[in-house]
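Have the structure open and follow along.

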Amino acid sequence: MESEVDAMEGNLRKFRDLLREISGHRSMESLIRDMRAGDHICLIYDGDDEWRGAVVPFIVEGLRRGERCLYICSERAPDMVREELGREVPVDEFEDDGSLRIMDYRGASGEGIKDPERVVAILESESGRSVSEGFSGLRVTLEMGLVLGDISVMEDIIRYGTAIEASIEELECLGMCQYNRRLLSPQIMRGVILTHPLLVWHSTVYTNPYYISPQIILGDESGDGEVESWLENIRRENELLSSLENLMGLYDSFIDHAPGIVFLKDHSLRYILANRALLELSGGYDPTGKTDFDFMARDAAEACFESDLKALRDGESYSEEEVQGRVYGVYKFRVALPDGTSGVGGFALDITDRKAHEREVEISRNNFLGIVENSPEPMVIVDLDGVLLYSNPAAREFFGWSPEYSGVRTGIPLRRELQEIEVLSADGEVRVAEMMVTDTVWEGRESLLIRLHDITRLRRYEESLRSSLR
């Protein structure tokens, strides 16, 4: 059951990863985690929660890597930034050892840094100091709201952003430029969007279909270049949509042909996705948007509900649930949904026949043990290497073994036929026994059943008789 479930889950994970690869979608957490020297993030945000959800992890990751982190404020006071970061890390300690620097964009002169050359100079200075002081690199984030607020010419906006990006790449820093939509005009935001191939917005990473190289916009034939770039983006978008449609068709076909039930539920435990096997179980009833209580018997629905809650609480669960007279092995796991909530995904395989077989095996095993345990003759089971796996009470009494005595090498019988041997009993007496060896299976392993019949008295009687005859 577990291997089948693992295989189903692995295949679904491959489809999911392929979907993300084709769509270019990735999480903000993975983007920050995978950043390398020279990478740059364009963050567009509408509120404090979005700002906090991107900037704080960006700084925390840099501190974790041993980088110097530089925060250049323009719209927020440095103490406000310290307060937010202080919820996650000991800000005072990192500022004391130089790992974290929080500065106002106006600096001591109060003139600000509306000239991109001044930003580049700051980056060059901080990058050099970071290396000389033993940090693994420089990570910088800049609030662009008030820095760009007075710039109205599109070309100047683009030159400013391009200069900073080029400096980050050349100095092999890691950068995040913050653009607060509440403070920036549509003209500025248009320039920002047009010139960044990758955007973070609403805590999600987007491949930008409107991206145009700054060199094209600033070139002498910018109009023709923009049109050519847009046409290329249109073609690329259509190819992507076609690929996604084909992939979703393959995905639907895959889950419909899975050897069991596949499903996904939202945070209210209503079905979002159900494959054909679940529809067949429900008699053709489409459970999408419904809960288990809408189409299952109450006892079955309550069992499903309890295992759903366990998956949400613990991350995963396995249970065996009976529905319409059939037994299903159900593996469930917590799923992060696009709306930020958690749902429940799962697989269910019909194990009714397997459970029946297990019961038959258990009955047979109990019958076998009932006979062997009550046998007056010593019986033992060894594996093919002669290691003791089991002994009945008569054998333990005969050899003086404790009930826990097992796992020792007793020797391998040479022939699978009736043979006469001499054995040393628990009382130290050499006894004569007939030994019968037969092949058997013990707990799934090929083994040997050895039965001993004590014939010591018979052999002594025969010897006495022969002596009398002589």
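## Asp266 and its surroundings

Start with a polar atom on the side chain of Asp266: the backbone nitrogen of Ser268 sits 2.9 Å away from it. Bear in mind that this is a predicted model. Asp266 belongs to the loop that runs between β9 (261-265) and β10 (271-274).

Is Asp266 buried or exposed? Its relative accessible area is 18%, and since buried means under 20%, Asp266 counts as buried. Who does it touch, once neighbours within four places in sequence are set aside? The list is Ile272, Leu337, Ser342 and Gly343. Val335 is another residue to look up from here: 69 residues separate it from Asp266 in sequence, yet the two C-alpha atoms are 8.8 Å apart.

## The five-stranded sheet

The strands on either side of that loop, β9 and β10, are part of an open sheet of 5 strands. Reading across, the order is β10-β9-β13-β12-β11, with antiparallel pairing. Which strands stand at the edges? They are β10 and β11 (316-323); each has a single partner strand, so one side of each has no neighbour in the sheet. From one strand to the next, the twist averages 25°.

If you want a spot to check by eye, find Glu321, which stands opposite Tyr328 in β12.

## Helices on the sheet

Helix α14 (residues 352-373) lies across β11, β12 and β13. Relative to β12, α14 runs at about 125°.

## A hairpin further along

Val382 has Leu388 in β15 as its bridge partner. The two strands form a hairpin with 4 residues between them, and Gly386 in the turn has a positive phi of about 85°.

Now for the inside of the fold. In soluble globular proteins, nonpolar side chains tend to be buried together. The largest nonpolar core here has 27 residues, of which Ile59, Leu85 and Leu100 touch the most other members. The elements giving two or more residues to this core are α2 (28-33), β2 (40-45), α3 (48-65), β3 (68-73), α4 (78-85), β4 (100-104) and β6 (174-180). Of these, α3 gives the most, with 7 residues.

Zoom in on Ile59: not counting residues up to four places away in sequence, it touches Cys69, Leu85, Leu100 and Thr141. There is also a second, separate core of 24 residues, which includes Leu70, Val140, Ile157 and Cys177.

## The chain as a whole

Stepping back, the chain holds 16 helices and 18 strands. Of its 470 residues, 42% are buried. Among contacts with a separation of 6 or more, 56% come from residues 24 or more positions apart. The accessible surface comes to about 25,800 Å², and 51% of that belongs to carbon and sulfur atoms.

Notes
Residues are numbered from 1 along each chain as its sequence is written. This is a predicted model: local features need pLDDT of at least 70, side-chain atom pairs count only at pLDDT 80 or more; totals for chains, interfaces and linings use all residues. Side-chain values use heavy atoms; hydrogens and water are left out. Buried means under 20% relative accessible area, exposed over 50%, partly exposed in between (1.4 Å probe, protein chains only). Contact means heavy atoms within 4.5 Å. A polar contact is a pair of N or O atoms within 3.5 Å; within protein, one must be able to donate a hydrogen and the other to accept it, and residues adjacent in sequence count only if both atoms are side-chain atoms. Two strands pair if DSSP finds at least two bridges between them. Axes are lines fitted to C-alpha atoms, for helices over the stretch in contact, and angles run from 0 to 180 degrees between N-to-C directions. Accessible areas come from the Shrake-Rupley method with a 1.4 Å probe; for residues, only the protein chains shown count as cover. A nonpolar core is a set of buried Ala, Val, Leu, Ile, Met, Phe, Trp, Tyr and Cys residues joined through side-chain atoms within 4.5 Å.
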